[in-house]
Amino acid sequence: MDTDRERHRARETAFYLFTQQSLPACKPVLTPGWVIAIFLFMGVIFIPVGLVTLRASHCVVEIVDRYDIDCVPEPSRMDKVSYIQDDSIPKNCSRFMKVHKYMKAPIYIYYQLDNYYQNHRRYVKSRSDKQLLDGQKYHDTSSCQPVESNNNRPIVPCGLIAWSLFNDTFEFIREGAELKVNRKNIAWKSDRSHKFGKNVYPFNFQNGTLIGGGKLNPEIPLSDQEDLIVWMRTSALPSFRKLYGRIEEDLDVDDVVVVNLMNNYNTYSFGGKKKLALSTSSWLGGKNDFLGHACVFAGCSSLTLAIIFMLLHVKYRRPYGDMSYLPWNRKSFSG
Amino acid sequence: MSGWGTPSRTVTLGRVQPQSPALRTIYCNHREANFAHRYKGNSISTTKYNVFTFLPKGLYEQFRRVANLYFLMVSILSATPYSPVHPITNMVPLSLVLLFSLIKEAFEDWQRFQNDMTINNSLVDVLQAQGWESLQWKKLQVGDIIRVKQDGFFPADLLLLASTNVDGICYIETANLDGETNLKIRKALERTWDYVTPEKACEFKGEVQCEQPNNSLYTFTGNLVVDNQTMPLSPNQILLRGCSLKNTDYIVGTVIFTGHETKVMMNSMNVPSKRSTLERKLDKLILALFSTLFSMCLLGAIGSGIFIDRKYYYLGLSQSVEDQFNPSKRFLVIILTMLTLLTLYSTIIPISLYVSIETIKFIQSSQFINKDLNMYHAESNTPASARTSNLNEELGQVEYIFSDKTGTLTRNLMEFFKCSIGGEMYGTGMTEIEMGVAERKGIKVQEAKTSTNSLREKGFNFDDVRLMQGAWRHEPNHDACKEYFRCLAICHTVLPEGEETPEKIRYQAASPDEAALVLAAKNFGFFFYRRTPTMIYVRESHVEKMGKTQDVSYEILNVLEFNSTRKRQSVVCRYPDGRLVLYCKGADTVIYERLGTGNDDLNKVTRVHLEQFGSAGLRTLCLAYRDLAPDLYESWNEKFITAKSSLRDREKRLDEVAELIEKELILIGATAIEDKLQEGVPNCIQTLSRAGIKIWVLTGDKIETAINIAYACNLLNNEMKQFIISSETDAIREVEERGDQTEIARFMKEEVKKQLKQFLDEAPQYFCSPSGPKLALVIDGKCLMYALEPSLRIMLLTLSLNCSSVVCCRVSPLQKAQVTSLVKKGARKITLSIGDGANDVSMIQAAHIGIGISGLEGMQAVMASDFAIAQFRFLEDLLLVHGRWSYIRLCKVVMYFFYKNLAFTLTQFWFTFGTGFSGQRFYDDWFQSLYNVIFTALPVVIVGLFDQDISSSLSKKYPELYKEGVRNMFFNRRIVAIWACFAVYQSLVFFYFVSLSSSTSRDSDGKMFGLWDVSTMAFTCVVVTVNLRLLMMCNSITRWHYISVGGSIIVWFVFIFVYSGIMTRFDRNDNMFWVIYVLMSTSYFYITLLLVPVAALLGDFLYLGVQRWFFPYDYQIVQESHKDDADSINTPDSQETKEHLTPDEARSNAISQLPKEVSKHSGFAFDSPGYESFFATQFGKYVPPKAWDVARRASMKSKSKPK
């Protein structure tokens, strides 16, 4: 009973405080002390975080090689597009990558495309998630326009994304011996197990007059076509990297890796670049100085601001809460 | 004055109904005959919707809002293939907003419906087959004869046939109609007095011919035809729906108007809703957003036109391509991409803004303003009441206050204070004003000693040994005294109530002046104790001997009522000895015009007295009488009766007839009544003027009275340079005496122009020098009339805007409205009108904010107002505390909405650049749709409710802070630009920090992020940052802030956990599947989540720090100086220590302390000096119709509105 009444009263009081607008509140006033303290605090937090991040990024060894121009033979360089579209010309090409720093396995192999709008609206929507999971059982593939069917038969996987599958291939040779490339487990596990059907096999794929990119082995179910799965996780920006595989051997300093690649993929039409990147990894991921730099910059500018404010505070101290600052109190000056 | 014709046009508060030419004929007690006319039934419905119209009508109402309509269009657009987003993206927020609004509407309408049902189903006795039968109100029909018992409400407009009281009299209370709680008398025609019992009533067969239903409350014209005998009907026989029966067992009446045709229903109108200035500026902001949206779309669309090219073969553009991506139709591409981007960027328009603002304002007004104990008037048990929630923030920007004097600045409490009888002045008291004057002159005032035997009573504050206790008999002019007192006791329309002893009787009077006068007569020994419709009984202390009394009865033959044209009231009475006398009391000007010749000395002396009274701030009336010869009276009375029964222009004719007899009067003397200042008025005015608010007093009083009240209120003082434009100058008088109207007008105009010009030339030299005196302008009604003409208006405006106070006296209600709209429209300043009477209605409606004093003089002002407060001094709380807070809060809410939507949409915009301008969406559909309505909705409402820069007591201590609102410091272009800059900066940080840092990053397993991973990361940063930014803009942070901000962020995470964790076969959101889990398994997520909000807010924080440091707002300085005593103010202080009074307890406490008073009087007992008659006279006379004549325009508007 008593507690009930007390609770009732407490509720009434709370409501009373509410209607009389006198709820207990903290009223922070941003005094110079606070401003300086907060800036200092920011500096103290962010500079170490930034440095640690930078260090992690610097630990990562990365070799990048742009090969799209050099892999076109000298005579064809004037008209790269017809070169790449001519199936009769062999496309193999060899590149040399020198390891400048010890690289610990696993070493990730990425291909990087620039000026490639994987995030274009027409491109992004041209897929059928249901078909990827259910295969030909699923008929409504209108979203796959314009690569929906061929010769009145459905295409599996349909859509522009799959159609334009990247199909350059890479082989790595060190000191005459081939480096083993592990191409398993390069796609998101969630993608493999939930988005791509285990019993769905490529069908009628790349059979049209226009070939966009790589072909798929119709014997392997989609859930195991990891290249496709990686490719179909569309990128956010027009310049992106995608995982190709893993070298599970360490590379020593001054090792030279010979890359035998098939330069199949056409980026010449639209002036895109192709790059190959070998990279190790840290707890933070790949080599990315941006986060570290940003943190250090934020920390440093906070510190600088704190110091500037401190100097200002010493030099031009504004007496806080000085009523003579109020305009109606200094009327005598300005009128 | 009598010379002016008064076209009787009734003007009413509500819609003006077109008068049907035909008369209505009602066959009483004859259902079949009436059936043919198909009169409307008596059931009423005040609901806006019914079951079928609710959806269409409610939706129509909602889509009248541009933002909603826009979102509807976008939703439709997003169902087309051009849309990058799923239709739900725009449908969800729109439907949530609509749902919220519709539920609110439905709830309100349901309550109205419930009310209607209760009313329609209440029972009333109807005559059926010789007996009374209970019938529901809704089944009542025109012509039915019904019985209403004591305290019952009249179910329809009735014609009173009979009453259980003698002489067919009944008493009614009209509180529901006009708020007046005094009883009014209604009297049945003598012919119908008998129909009290059902048996008798059955026999009644009559025909009522009357006007068509209209909304004029105080008029009724019609005739009752019984047995071929025609009898005129007047409002005196009409009982209006909504009134209740008092002091009468029951009455019998016949129904003449039913249901929606009753006068009260025809008067119920929607108060034209006012929109606040802030909201109108908000429209501009929305417009700016629209143009931003348009240019963003245009930019993107042109980009897409340029970008699209067949070389991007992977886009499959080589074969037949739909138009939007067809490189050979670039122009079409641009157009269609415009549509695409329009749907994509639609979030830039904050759809939930209006709903949030409405919610905030509603709570502000219903919970804060209405329940503020500081604005609760215990004596009258009246809390403040916000009658609209549209204008809360407007209260924070008021620059001009137009105030009525009587009842607003002064209490409507009249005390008989002095008098002048037969050329002798009586009364020793000194008014506050006189004391003030004396003080200013430096004379020391001693509190005059009151004689020990002085009698004080509410309404009587008179002391003079020469008159009191019957001493007047020894005065040399005791005959005049006798006449004077009789006049006071007889010439009035007061109703006595209660026991007939001098101690216990109470007087019900139309105006407090009247009650005070009758009270005075009582105290002088002429005790008026009973009234019947034809007689007045006065217990006169014996004229010769002390201590003996004698009951005298006077027959009242005619009452010539008071109205504002006549400004006088007369009673023709017959003494017991047959002497016929006309007693008249009225305004000095009116009475002096009608005095007979001779007695010039008395007249002159009395005029001097009148002036003295006036300068002491007293209200004066002149008393006069005239002996009538019987034959003269008889011939006049005939004319009077014809006038009274005329169907058309009755009032005008009555006035004309009255003129015939009210002449050759003999002056007896004058009364002076003190009009007491309201509590705390001078202090409040001083505080308000420190807040930079200019106060104008608009009053009907004389120039001297007005000036003196202004002095007493601190509005004027001797340091001020006063400009006085008065029509009471010799030159003007001279021209007036010549009597040529056109010449007078021309001359006055010239004169006013000359004066204005002169003052305008003088003015700069005063206000240019900083220490110079402030300026004040005093102008009277006649001059104002000319000064308001278009040619002089500008001069008047310029002059008055430079004055810190302006007093307009002798102004009509219409002029009050004109002056108000002069400042409102001419100077574009925010105006507030405050008044208490019917004559302030037009002014209240004309101003941006109308405030009614819910006090003594009826409810009409309150009904027309936006806010009602009980005391003038509550303005201080209303403006400085509530208004100021509301303004600051609303500004914050609006700016925050603007910022958060801009920042969010811009991230999308930057993304567009990276997608070949294709209009690909960055965020998932649900993210975008719930951003406004879930993830960022609540905290901003909390800020709108709870944010306080400084406490209420400091707000009142530093009224100067109010100026920040007047100057609109918190919502102007600069502020918008600053917020926009930070929104742009933050959006850049959101997009580029997240996307750049993700471009080469991956989890430690080497896998890369795709589009949806990046966008989820970015959205998380946006939600966190935007919510944190809200905390940064708070001046006070309560628990609710933490809960709502933390809650919003948590809700986002809960949402994304569930959303990305679920994938069913029916709803495959492949894009989002498992995204958040993968993200959160990377260290990248945490570092980014730490870095991005901080980096985004660093700019804001720097701005806040620098702004406070170098360009502090005034309130910030006050904040700082009171930082340390914040605790004592914060913790529920004084009120809390009042030992936990809950509002209810406080109220009941207050009620128990109330003086037990049955009624707050007002309104004329026999007939109200209605608002309309007051107004109607103004129409034909003073004011030629003008386009900016507000009251007129309002009525025209309502006319054109379809019913």
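A disulfide is here a pair of cysteine sulfur atoms within 2.5 Å. The structure is a predicted model, in which local features need a pLDDT of at least 70, side-chain atom pairs count only at pLDDT 80 or more, and totals for chains, interfaces and linings use all residues. Residues are numbered from 1 along each chain as its sequence is written, chains are lettered from A and ligands numbered from 1 in the order in which they are written, and side-chain values use heavy atoms, with hydrogens and water left out.

By this rule there are two disulfides over all chains. One links C71(A) and C93(A), with the sulfur atoms 2.0 Å apart. The link of C71(A) and C93(A) is left-handed, with -70° about the S-S bond. C71(A) lies in the loop between β2 (62-66) and α3 (80-85) of chain A and C93(A) in strand β3 of chain A, so the bond ties together parts that are 22 residues apart in sequence. Helices (H or I, at least four residues) and strands (E, at least two) are DSSP runs, numbered from the N terminus. C71(A) is buried at a relative accessible area of 4%, and C93(A) is buried at 11%. Buried means under 20% relative accessible area, exposed means over 50%, and partly exposed lies in between (1.4 Å probe, protein chains only).

The sulfur atoms of C144(A) and C158(A) are 1.8 Å apart and form a disulfide. Here C144(A) sits in the loop between α5 (129-134) and β5 (149-150) of chain A and C158(A) in the loop between β6 and α6 of chain A, so the pair joins parts 14 residues apart in sequence. C144(A) and C158(A) are both buried. Counting bonded cysteines along the chain, the disulfides of chain A follow the pattern 1-2, 3-4.

## Confidence and annotated regions of chain A

The average pLDDT of chain A is 87, and 98% of the residues score at least 70. The pLDDT is the predictor's confidence in each residue, from 0 to 100. Over residues 331-335 of chain A the pLDDT is below 50, and beyond near neighbours in sequence this stretch has one contact in the model, where contact means heavy atoms within 4.5 Å.

An unreviewed UniProt entry lists residues 34-54 and 290-314 of chain A as "transmembrane region". UniProt positions are given in the numbering used here, feature names are shortened, and annotations may be inferred rather than shown by experiment. In the model, residues 34-54 of chain A are 100% helix and 0% strand, with the end C-alpha atoms 29 Å apart. Residues 290-314 of chain A are also 100% helix and 0% strand, and their end C-alpha atoms are 36 Å apart.

## Backbone exceptions in chain A

Most residues other than glycine have a negative phi, and most peptide bonds are trans. The bond joining A105(A) and P106(A) is cis, with omega about -5°; P106(A) lies in the loop between β3 (92-98) and β4 (107-113) of chain A. Another cis peptide bond runs from V156(A) to P157(A), with omega near -10°, and P157(A) is in the loop between β6 (153-154) and α6 (160-163) of chain A.

Q21(A), not a glycine, has a positive phi near 55°. Q21(A) belongs to the loop between α1 (2-19) and β1 (25-26) of chain A and is buried at 8% relative accessibility. N115(A), also not a glycine, has a positive phi of about 55°. The loop between β4 and α4 (121-124) of chain A holds N115(A), which is partly exposed with a relative accessible area of 27%.

In strand β9 (residues 222-226) of chain B, five of the five residues are buried. G222(B), L224(B) and V226(B) are on one side and N223(B) and V225(B) on the other. Strand β8 (residues 207-210) of chain B runs antiparallel to β9(B), joined by four bridges, with E207(B) opposite V225(B). Strand β10 (residues 229-233) of chain B is also antiparallel to β9(B), through five bridges, and G222(B) has L233(B) as its bridge partner in β10(B). Two strands pair if DSSP finds at least two bridges between them. The hairpin of β9(B) and β10(B) has two residues between the strands, and there D227(B) takes a positive phi near 50°.
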